[in-house]
Amino acid sequence: MTSAPSPRAHSFNAAAAQYAANRPSYPPALLDSVERLTGRRLAGARVVDVGAGTGIATALLVERGADVVAVEPGDGMAEQFRRTLAHVPVVRGDGNALPLADGIADLITYAQAWHWTDQERSVPEALRVLRPGGALALWWNTTDPDMPWLTEQSARIARHLGMDDGAGRTAERTRHSVGALTTALDFRRDQVRWSRRVPLDTHLANIGTHSAFLVMGAERTAAFLAEERAELLEVFPDAVVEESYVVDLLVAIRPSSDAAPGTGTGFAS
């Protein structure tokens with residue numbers, strides 16, 4: 001079973017190839033932090049990557065030697081995932097109703113995906129699928145607030161989306177808040193800074209893969225990206241952009257004393 005996706009969550013399916021080609025990955029230091037905060041190596045770990053999308057995070061987990069099962073609700077994203085990672089199993093579902101048996105996972109990961117879940121459902125589901133002592137890891141690439149050009153770009157995006165700059169920055173800071181329900185899981189936090197140098201076209205295409213633009217319509221999005229190209233050429237005249245990120249990582253351990261919840265039904269067909 002999957003819950004009905006919101007229009008913004010569903011919007012990624014039509015842009016899955018663009019998403020896979022232009023979205024940033026994550027630095028090796030992030031997975032080092034996951035291992036440190038969970039207290040175990042990823043090599044040999046049974047990992048469930050939820051909201052796996054096109055497989056950006058899944059690929060890194062597999063490279064570390066993890067035994068990964070991906071969970072993805074969207075048709076287009078799952079199809080792109082299979083093109084990229086044909087050897088990795090992907091099952092259809094979402095974090096609100098994981099199509100997995102009880103207590104099978106050493107680690108459940110959400111890369112850029114936790115904020116799409118209903119925490120009243122996704123928290124119990126994560127605890128059900130995790131083994132006692134297993135861990136839930138949530139992370140997001142966020143733009144580096146210390147980079148002036150990114151701050152200015154965020155203000156332009158906020159204006160284009162019809163929100164004032166302060167509201168835009170507040171939304172960026174809080175959109176992945178774990179909230180009162182999940183803070184009861186005693187999350188530990190780390191932040192990892194990193195950057196990538198990409199052609200200006202890649203940077204602009206990355207912006208276009210964000211849900212707020214995908215639901216806006218091609219004409220309005222194209223108009224903004226054309227204006228943004230002119231703005232950025234003033235900053236990066238060689239048309240190569242250095243994107244700076246802070247990965248926000250949250251890890252919680254399921255207590256070993258937890259009773260095993262319910263009975264599992266295995267993978268959904």
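Which residue in β7 is the bridge partner of threonine 143? It is tyrosine 245.

## Basis of the model

This is a predicted model, in which local features need pLDDT of at least 70, side-chain atom pairs count only at pLDDT 80 or more, and totals for chains, interfaces and linings use all residues. Residues are numbered from 1 along each chain as its sequence is written, and side-chain values use heavy atoms, with hydrogens and water left out.

Helices (H or I, at least four residues) and strands (E, at least two) are DSSP runs, numbered from the N terminus.

## The sheet

Seven strands form an open sheet with mixed pairing. Their order is β3-β2-β1-β4-β5-β7-β6. Two strands pair if DSSP finds at least two bridges between them. β3 (90–92) and β6 (188–199) stand at the edges with a single partner strand each, so one side of each has no neighbour in the sheet. From one strand to the next, the twist averages 25 degrees. Axes here are lines fitted to C-alpha atoms, for helices over the stretch in contact, and angles run from 0 to 180 degrees between N-to-C directions.

β5 and β7 (residues 240–253) run antiparallel and are joined by nine bridges. Strands of a sheet pair through backbone hydrogen bonds, either parallel or antiparallel.

## Asparagine 141 in β5

Strand β5 covers residues 130–143 and holds asparagine 141. Asparagine 141 counts as buried because its relative accessibility is 8%. The cut-offs are under 20% relative accessible area for buried, over 50% for exposed, and partly exposed in between (1.4 Å probe, protein chains only). The asparagine 141 side chain reaches the backbone oxygen of serine 25 at 2.9 Å.

## Helix α7

α7 lies across β5 and β7. The helix runs at about 85 degrees to β7. Its 13 residues (148–160) should span 18 Å at 1.5 Å a residue, and the end C-alpha atoms are 19 Å apart, which agrees. The expected span is 1.5 Å times one less than the number of residues.

Buried residues of α7 include Trp149, Leu150, Arg156 and His160. Just after α7, glycine 162 has a positive phi of about 85 degrees.

## Leucine 31 in α3

Helix α3 (residues 28–38) contains leucine 31. At 5% relative accessibility, leucine 31 counts as buried. Beyond its neighbours within four places in sequence, leucine 31 is in contact (heavy atoms within 4.5 Å) with Leu42, Leu60, Leu61, Arg64 and Trp139.

Arginine 41 lies 10 residues from leucine 31 along the chain. Their C-alpha atoms are separated by 9.4 Å.

How values were computed. A polar contact is a pair of N or O atoms within 3.5 Å; within protein, one must be able to donate a hydrogen and the other to accept it, and residues adjacent in sequence count only if both atoms are side-chain atoms.
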